[in-house]
Amino acid sequence: MPRFATYRLRFRSPLHIGERGVGLEVSRTHIPADTLFGAVCSLWRELYGVDALHRDVLDWFTEGEPNAQPFALTSAFPYAGDVRFFPKPLGRLPNVTLADGDEKAFKRVRFVSERVFTTVVMGEPIAFQKQNCINGGVVWVTEEERDRLVRWTDDMSGDIVLWKVAVVPRVTLDRLTAASEIWHFGEVLMAQGTGLWFAIEFNHEHGEELTRRFEAVLRALGDTGIGGERGAGCGLFDVDGPTEEALPDVPEANRFVTLSPVCPKDVVELERLTGSGAAYELMPRRGWITSPEAMNLRRKMVWMFAEGSVLAGPSLPRAGCLVNVRPDVCPHDVWRYGVSFPVGLAATAGSSS
Amino acid sequence: MPTLTLRGKVIITGEIEAVTGLHIGGAAAGLDIGGIDNPIIRHPVTREPYIPGSSLRGKMRSLLDHHLGKEANHFIQRREPVVRLHVCEDEAAYTRCPVCQIFGVTPGERRGWKNLKPARLIVRDVHLARDHEATERLRQAKTDLPFTEVKWEAAIDRITAAAVPRQNERVPAGAVFAPFELVYGLYDLNGTGCDRDLDWLRYVFKAMELLEDDYLGGYGSRGAGKIRFRQIKVEFKSRRYYEGEVALETLAERIDDVRQLPVSEYITRLQQLIREG
């Protein structure tokens with residue numbers, strides 16, 4: 001199994017990663033790789049300047065060969081203690097057996113534990129057990145992992161609760177009369193000992209300096225915050241790592257699960273990725289720009305394959321590209337990351353229905 | 001293209017003591033019979049009360065608005081009740097305004113502004129101090145609700161003395177929340193240095209001082225919400241710190257009175273550290 005540098009983000013405050021909603025009430029429970037990449041680039045610019053950002057990172061992605069890219073990264077998924085979680089591979093999973101009446105419970109699952117993920121992608125048989133779904137039924141773990149997570153049991157519900165999405169009331173007071181205007185805000189609160197992890201594959205031809213800068217940026221990002229409402233303290237974290245950790249993989253597979261959102265390079269690649277055996281979810285990637293020249297501008301929307309999508313074709317070279325989502329009035333380019341982080345899938349694992 | 005360089009971050013940490021009962025309103029979970037009228041905000045995972053960073057930051061901004069006599073020119077809500085606050089509307093005023101520079105400006109027509117910087121101040125949520133004797137005392141006290149008291153208040157008819165009671169939930173006096181954390185970014189725009197950012201750091205301490213003499217949360221005019229900053233620590237993280245080359249610089253430690261902080265000394269020291277890179 002290939003090994004990658006893995007970082008863990010321990011959140012010191014709630015997290016708000018915007019999702020489609022009426023206002024600010026909704027938040028994702030993981031950080032998509034394009035959000036992480038955008039935040040890293042923004043801080044890279046603050047620490048080392050615009051030229052260094054282009055020289056070290058962006059130009060390699062936009063102008064260089066795919067194998068010259070300085071790094072590839074996964075989205076940041078939850079972990080608790082020593083159990084990592086992964087997105088549930090999408091589509092029909094023939095090696096997973098379901099008891100009658102468990103279809104809805106299986107459908108609710110968003111994340112699976114490392115053990116479950118490995119078994120599924122390797123194509124080994126596994127039985128879905130409703131009683132091993134925790135955190136309100138959105139996380140499926142094995143019995144042995146469930147025992148390792150037992151210290152997060154909530155006394156009142158008896159469920160294992162690792163994180164919760166809370167809708168918090170917020171108030172703005174008039175400066176003269178103290179009249180109040182109330183609004184609501186969604187944030188993810190994580191239990192102690194849990195957080196988000198991501199893996200990164202550095203291209204060693206870029207030297208040690210790249211890794212050193214990336215880590216400096218990541219630590220500074222921890223004190224700046226990631227996601228929304230950073231001023232009110234959201235998204236602050238401490239960084240642990242890197243540790244060398246393995247990810248499952250089936251070499252020379254003809255389909256893969258992606259651990260990062262993917263934006264195909266062109267129509268040919270799109271057709272290849274959505275070929276036989278693919279099962280995917282499309283997610284709109286939109287939001288705001290933060291830079292000294294372009295505050296409060298909405299970036300152009302782009303659709304990407306979500307993490308967990310099963311895409312057709314070989315894992316390597318990596319599918320996808322960076323996409324420029326610069327609004328017309330913005331004086332500079334705005335790049336979103338859409339390169340796949342593939343995990344090869346056994347022929348017996350998933351297939352589209 | 002303009003350049004923006006992060007010179008470092010000043011981190012102010014410590015404890016917050018509730019000197020009187022503290023009520024920061026939350027949303028009632030439902031209409032329970034015998035339930036409380038005005039509940040406080042609680043952490044959804046641990047169910048412990050906490051001080052949201054937004055409450056602390058909002059109050060600091062509001063007090064600085066008043067302290068510096070800023071015009072309440074920006075409408076959050078135009079219908080009744082009108083809600084306004086101060087936000088600079090032209091760039092010349094913004095470049096001189098510590099409030100808008102420290103706390104940021106809200107979205108609007110700021111597109112052509114040349115000197116816009118990110119908001120400097122980040123304020124974290126503050127949770128009940130883990131393993132602190134005050135929290136332990138509160139745990140043992142068997143209060144009406146976990147960690148909180150229920151305080152009855154009443155409005156009395158001026159003629160008949162008929163009472164209209166209400167219940168407010170409060171964190172009792174003596175509770176300690178820690179660690180509080182304020183992060184203040186120092187930015188250099190277009191190579192002009194960050195002397196002004198450094199100079200405005202004193203307004204962060206000023207806002208803390210003003211807050212101690214005001215109140216946090218609700219029912220402040222009736223005694224609730226007096227807080228005190230304790231065990232204040234001021235640290236500086238430079239770019240070289242993030243690169244792992246130098247250690248964390250501690251400028252002050254274990255200071256129990258915000259008025260005792262020799263801010264000018266830190267500013268001089270910070271200038272020196274920034275010059276050294």
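What follows is a short walk through two chains, stop by stop.

This is a predicted model, so expect local features only where pLDDT is at least 70 and side-chain atom pairs only at pLDDT 80 or more, while totals for chains, interfaces and linings use all residues. Residues are numbered from 1 along each chain as its sequence is written, chains are lettered from A and ligands numbered from 1 in the order in which they are written, and side-chain values use heavy atoms, with hydrogens and water left out.

**Stop 1: chain A**

You'll have seven helices and 20 strands on screen; here helices (H or I, at least four residues) and strands (E, at least two) are DSSP runs, numbered from the N terminus. The C-alpha trace spans about 60 × 55 × 35 Å along its principal axes. Of the 353 residues of chain A, 61% count as buried, where buried means under 20% relative accessible area, exposed over 50% and partly exposed in between, with a 1.4 Å probe and protein chains only. Take the contacts (heavy atoms within 4.5 Å) between residues at least 6 apart in sequence: in chain A, 73% of them join residues at least 24 apart.

A:Y7 is buried, at a relative accessible area of 1%.

Next, select residues 114–122 of chain A, helix α4, whose buried residues are A:V116, A:F117, A:T118, A:T119, A:V120 and A:V121. Just after this helix, A:G123 has a positive phi of about 80°.

**Stop 2**

Most residues other than glycine have a negative phi, and most peptide bonds are trans. Here are some places to check against that.

- A:L316 to A:P317: the peptide bond is cis, omega near -5°, and A:P317 sits in the loop between β17 (310–312) and β18 (323–324) of chain A.
- B:E80 to B:P81: another cis peptide bond, omega about -10°, with B:P81 in the loop between β3 (74–77) and β4 (83–85) of chain B.
- B:D131: not a glycine, yet phi is positive at about 60°. Look for B:D131 between β6 (126–127) and α4 (133–140) of chain B, in the loop; this residue is exposed, at 77% relative accessible area.
- B:A161: also not a glycine, with a positive phi of about 65°, in the loop between β7 (149–156) and β8 (163–170) of chain B.

**Stop 3: chain B as a whole**

Zoom out to chain B, with eight helices and eleven strands. Its C-alpha trace spans about 70 × 45 × 35 Å along the principal axes, and 51% of the 277 residues of chain B are buried.

**Stop 4: the second largest pocket**

Which residues are closest to the centre of the second largest pocket? Select A:M190, A:A191, A:Q192, B:T46 and B:R130, out of 35 lining residues. A pocket is an open set of points on a 1 Å grid over the protein atoms alone where a 1.4 Å probe fits, with protein on both sides within 12 Å along at least five of seven lines; lining residues have an atom within 4 Å of a point. The second largest pocket has a volume of about 1100 Å³, a volume being the space filled by probe spheres set on the points, which are joined across faces, edges and corners.
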